[in-house]
Amino acid sequence: MELDAANRYRQLEEYKKILKPLLRYLPWLEQTSGGEVSKNYNGETTVMSFPVYDGTLMSFVREVSRTPFMDRNYRYVYTRNHLVSHDDERRVIEKATIKEWDILCGILSKYVLGGQTRAMLWNEAVKERIFYLVIQKMCEIIEFWDKQFAKKA
């Protein structure tokens, strides 16, 4: 039992260290939720237009993609948990505890990694508040467990 608590504390400290740099994006994600974070560029010499993404979004995506939170098998998280719509994702995010951390990582991974081949997913994650909700929930979980460990100390 004591060993389990020590492992959980170490895991929590690692999550906290990884999450800390991402927290600076939280106000921006909250502010831009529901809005567009890309514009189509039509140059004079280009035949077709292409999206140009907000610099803050690109920094966020780049930073998140380098974390161990990325799960290349995020599709399994979606099938195992029957996640089909944004409402399903929001419902799971809202109810998540530390036991569902892998689900939060899977949802985040879908939009970050999936957005590398289908960039519209980044815009969708901001518009549907998915990025904001996942990072916010991760923060809430860490704060909750910090208080639990502080009580025991």
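**Reading the core of a predicted chain**

Modeller: Let's start with burial: buried residues make up 42% of the 153 residues in the protein chain, where buried means under 20% relative accessible area, exposed over 50% and partly exposed in between (1.4 Å probe, protein chains only). This is a predicted model, in which local features need pLDDT of at least 70, side-chain atom pairs count only at pLDDT 80 or more, and totals for chains, interfaces and linings use all residues. Residues are numbered from 1 along each chain as its sequence is written, and side-chain values use heavy atoms, leaving out hydrogens and water.

Colleague: Which residues touch the most other members of the largest nonpolar core?

Modeller: A nonpolar core is a set of buried Ala, Val, Leu, Ile, Met, Phe, Trp, Tyr and Cys residues joined through side-chain atoms within 4.5 Å. Here the largest one has 48 residues, and L57, F69, I107, L108, F131 and M138 touch the most other members. Helix α8 (130-152) is among the elements that give two or more residues, and α8 gives the most, with 10. Helices (H or I, at least four residues) and strands (E, at least two) are DSSP runs, numbered from the N terminus.

Colleague: What does F131 touch?

Modeller: Contact means heavy atoms within 4.5 Å. Leaving aside residues up to four places away in sequence, F131 touches L29, L57, F60, L108, Y111, V112, W122, A125 and V126.
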